[in-house]
Amino acid sequence: MTSAQLDAVWPRALRLDGSVRDPNALHMVMLERVYQRAAEFDFIHCHLDYYPFSLFSRQPVPFVTTLHGRLDLPEHQPVFDMFSTIPVVSISNAQRRPLPQAHWVRTVHHGLPQTLLQPKPVKPSYFAFLGRIAPEKGVDRAIRIAEHCGVPLKVAAKVDNVDREYFEEQIQPMMKAAKVDYIGEINDAQKSEFLSGAMVLLVPIDWPEPFGLVMIEAMACGTPVIAFNRGSVPEVIEDGLTGFIVEDINGAIGAVDRLSHLSRQKIRRRFEERFTARRMAQDYLAVYRCLTDKIAPHLRLVTDDAPAL
């Protein structure tokens, strides 16, 4: 939903439309449509990873791409070797590390509308896991942490088709044995209640997390986070203030005893200071101005004796 004019290539979000088997085809249509209308815009901001690089480098309108995924795979190297002058934005400094040759112009951490998620007056009584169920997200480790601590675990997470077998064969049996409350995917309207009721959000990831939006969603509700020291975690979580950064399951179990030292009011305040959508928008406006100024033609001072240009 947007107050702007939405030029939709497809009538539904691709992730929610089960009839779409090849989303790349529709991404190509979208890119071509933007390319054909490029002259209408002062600046173009892309979110399709490296897909726009070749096409958009062949037109004059300034553009930037925010990279949202992991960048540590071997096949990424030749892409960013080839397109080393294309301006890109990272969502964490950690995301940049595998690709020093890329033309990084800024890191812009994600933000949320300040009033989208807010603390609710409920007594925290369980551990929470939020996001998606996949091997790299570590829901199996969250189950073990909660089980060891003797605290109920509630899991609000989607299961993508690619992870369906993993969920059914490995995670579902663990959930049943540990009596985990599996809620399934929840929307923004449900998250405030879910996160406010949690003693802590567990983020026991096992991959170079580019950002981890669930961490700032928890902070918006005043809920502390215990996260494994991977990827962006040290940039998002302030150890001892908004949560605890640990190395493994034993570290997470030990951190549970220190949760009472944290202030949920201070956690919410840090969210407001660091991770609002307004701050994110201001950061991006600075990127747009910087890149536009670099390619804008320099005007010549015209005197009476000089021909006008």
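**Figure 1. A salt bridge joins Arg-106 and Asp-283 in this predicted model.** The side chains of the two residues meet with a nitrogen-to-oxygen separation of 3.1 Å. Arg-106 belongs to strand S4, whereas Asp-283 belongs to helix H12 (residues 277-295), so the pair links parts of the chain that are distant, 177 residues apart. Asp-283 is buried, with a relative accessible area of 14%, while Arg-106 is partly exposed at 31%. Side chains of opposite charge can pair when their charged atoms come close.

**Figure 2. Asp-7 and Arg-37 form a salt bridge.** The closest N and O atoms of this pair are 3.0 Å apart. Asp-7 lies in the segment before helix H1 (23-36), and Arg-37 lies in the loop between H1 and strand S1 (44-46), 30 residues apart. Both residues are partly exposed: Asp-7 has a relative accessible area of 34% and Arg-37 one of 25%. Together with Arg-33 and Glu-40, they are linked in a network of salt bridges. The structure holds 18 salt bridges.

**Figure 3. Arg-274 pairs with Glu-238 in a salt bridge.** The N-to-O distance between the two side chains is 3.5 Å. Arg-274 is located in helix H11 (residues 264-274), and Glu-238 in the loop between helix H9 (233-236) and strand S10 (243-246). Glu-238 is partly exposed, with a relative accessibility of 23%.

**Figure 4. Ile-133 is a member of the largest nonpolar core.** This core has 61 residues, of which Ile-133, Leu-153 and Ile-226 touch the most other members. Helix H8 (residues 213-220) contributes the largest share, six residues. A second, separate core of 17 residues includes Ala-38, Cys-46, Val-88 and Ala-102. Leaving aside residues up to four places away in sequence, the contacts of Ile-133 include Val-139, Val-155, Phe-167 and Tyr-182.

**Figure 5. Cys-46 takes part in no disulfide.** A search of the whole structure finds zero disulfides. The cysteine sulfur nearest to that of Cys-46 belongs to Cys-290 and is 17 Å away. Cys-46 is buried, with a relative accessible area of 7%, whereas Cys-149 is partly exposed at 26%.

**Figure 6. Asp-140 lies in helix H5 (residues 139-149).** Asp-140 counts as buried because its relative accessibility is 15%, under the 20% limit. Not counting residues up to four places away in sequence, Asp-140 touches Tyr-166, Ile-171 and Met-174.

How values were computed: Residues numbered from 1 in each chain as written. Predicted model: local features only at pLDDT ≥ 70, side-chain atom pairs only at ≥ 80, totals over all residues. Heavy atoms only, no water. Disulfide = S-S within 2.5 Å. Buried < 20%, exposed > 50% of the residue type's maximum accessible area, 1.4 Å probe, protein only. Core = buried A, V, L, I, M, F, W, Y, C linked by side-chain atoms within 4.5 Å. Helix = DSSP H or I, 4+ residues; strand = E, 2+ residues; numbered from the N terminus. Contact = heavy atoms within 4.5 Å. Salt bridge = Lys/Arg side-chain N within 4 Å of Asp/Glu carboxyl O.
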